[in-house]
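These are my notebook entries from a first reading of a structure that was new to me. I wrote down what I looked up, in the order in which I looked.

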Amino acid sequence: MRIGIIGAGALGGTFAALLARAGHDVEVTARGAGLEAIREGGIRLSGGYGEAHVRPAAGERLTERPELVLVCTKAQDAAAAITANGAAIDGVPVVVVQNGLDGVATAERLLPRSSCMGMLSIIAANYTEPGAVRVTTTAASYLGRGDGAPDDEVRRVAALLSGAVPIVAVSNFRGAQWTKLVVNMLNAVPAIVGRSVQEVVDDRALRRVVAASMRECVRVGVARGIRFGSLQGLGDRRLRAFARLPLGLAQVLPWSMRVRMGSVPNLGSTQQSLRRGQPTEVDFLNGAVVREAQAAGIDAPVNRALTALVHEVEQSGAPLPAERVVAVLDAVGAD
């Protein structure tokens with residue numbers, strides 16, 4: 001199949017390499033040094049899915065009309081990237097591979113003739129050198145849309161993509177987006193202090209902050225009437241029980257996630273953006289929790305504070321002392 005991938009960063013580069021290796025005709029979009037590197041040397045994939053070196057067509061925009069599109073940009077770049085490629089892709093099935101809660105709705109608004117789906121990826125990949133991606137944790141990705149069971153098109157696209165990388169068609173995709181948002185609470189603290197996810201979770205004081213942000217995220221979801229979707233052993237019943245735990249016991253959730261990561265340092269997508277000198281998507285992760293809390297008429301002080309600290313690192317270009325993060329819990333009085 002002819003597949004267009006908008007945004008060939010960590011995840012986009014991973015999917016491009018795996019789909020091209022599986023025999024699909026892949027074209028990618030990229031910018032700046034990433035585009036130059038792909039044009040000159042292709043995409044080199046290493047790590048969990050083995051070695052691959054592919055040379056897809058690459059440009060700032062797609063040049064041919066594909067049969068399927070994967071939008072793999074950061075959340076803050078999605079609207080502009082979709083608009084720039086609108087003439088080539090409106091009417092083509094679109095899979096939005098993105099963190100946060102708004103990606104599918106954005107694609108549906110901008111591509112009224114396309115059938116839009118969402119995909120949640122738990123793959124951890126480091127993209128710190130243009131054109132080179134290293135997968136540090138392999139995992140299935142989850143495809144769906146809306147609140148109901150997966151329809152025929154979702155199952156067909158999942159089966160097609162699974163020839164290259166494991167994809168599961170899931171029910172209650174909106175709830176699964178919220179479950180992934182809980183998982184993405186692993187991003188902010190490592191980005192603020194400049195350490196790997198494993199190092200942060202191994203530090204008891206920092207782990208408490210991560211656990212507090214996760215617990216707050218779940219509590220906000222409950223207040224918004226969300227039924228959490230099943231994702232990597234997490235589901236509605238387990239997360240609701242987690243939300244009622246005292247903070248000392250709640251640390252078991254980030255710890256269990258850290259165990260699954262293994263020993264290869266996982267930087268997290270937010271920290272990788274900082275290391276590349278790019279804006280992060282924190283406003284669509286921790287910031288989304290704050291906005292959803294406001295819509296529910298409650299507060300999300302932990303995630304509001306972490307969002308502000310990530311923006312401080314964006315502006316200064318340097319990590320902050322761990323004490324600044326630990327102080328968040330004292331400031332908000334989290335138990």
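**Entry 1: a hairpin**

I began with β9 and β10, which form a hairpin with two residues between them, and I noted that G131 in the turn has a positive phi of about 85°. Before going further I recorded that this is a predicted model, in which local features need pLDDT of at least 70 and side-chain atom pairs count only at pLDDT 80 or more, while totals for chains, interfaces and linings use all residues. Residues are numbered from 1 along each chain as its sequence is written, and side-chain values use heavy atoms, with hydrogens and water left out.

For the names I follow DSSP runs, numbered from the N terminus: helices are H or I of at least four residues, and strands are E of at least two. Two strands count as paired if DSSP finds at least two bridges between them.

By that rule β9 (residues 124-129) and β10 run antiparallel and are joined by four bridges, with E129 standing opposite A132 in β10. I then found that β10 (residues 132-137) is also joined by four bridges to strand β3 (residues 43-47), and that these two run parallel; here G47 has V135 as its bridge partner in β10.

**Entry 2: the open sheet**

Next I looked up the open sheet, in which eight strands follow the order β5-β2-β1-β6-β7-β8-β11-β12 with mixed pairing. Its edge strands are β5 (57-59) and β12 (167-169), each of which pairs on one side only. From one strand to the next the twist averages 20°, where axes are lines fitted to C-alpha atoms, for helices over the stretch in contact, and angles run from 0 to 180 degrees between N-to-C directions.

Within this sheet I checked β7 (residues 94-97) and β8 (residues 116-121), which pair in the parallel sense over four bridges, and I saw that V94 has C116 as its partner in β8. Helix α7 (residues 173-183) packs on the sheet and touches β8 and β11, its direction making about 30° with that of β8; contact here means heavy atoms within 4.5 Å.

**Entry 3: helix α17**

Which residues of helix α17 are buried? In this helix (residues 322-332) I found A322, V325, V328 and L329 buried, taking buried as under 20% relative accessible area, exposed as over 50% and partly exposed as in between, with a 1.4 Å probe and protein chains only. Seen down the axis of α17, the buried residues fall within an arc of 105°, so they line one face of the helix; the arc is that of the directions from the helix axis to the C-beta atoms. They pack against α8 (188-193), α10 (204-223), α12 (247-250) and α16 (301-316), whereas the face turned away from the buried side carries the exposed residues E323, D330 and A331.

**Entry 4: salt bridges**

Last I looked for salt bridges, meaning a side-chain nitrogen of Lys or Arg within 4 Å of a carboxyl oxygen of Asp or Glu, and the count comes to 13. R324 forms one with E312, the closest N and O atoms being 2.9 Å apart. R324 lies in helix α17 and E312 in helix α16, so the pair ties together parts that are twelve residues apart in sequence.

R156 forms a salt bridge with E153, with the closest N and O atoms 3.7 Å apart, and both lie in helix α6 (residues 152-161), three residues apart, about one turn of the helix. I also noted that R145, D151, E153 and R156 are linked in a network of salt bridges.
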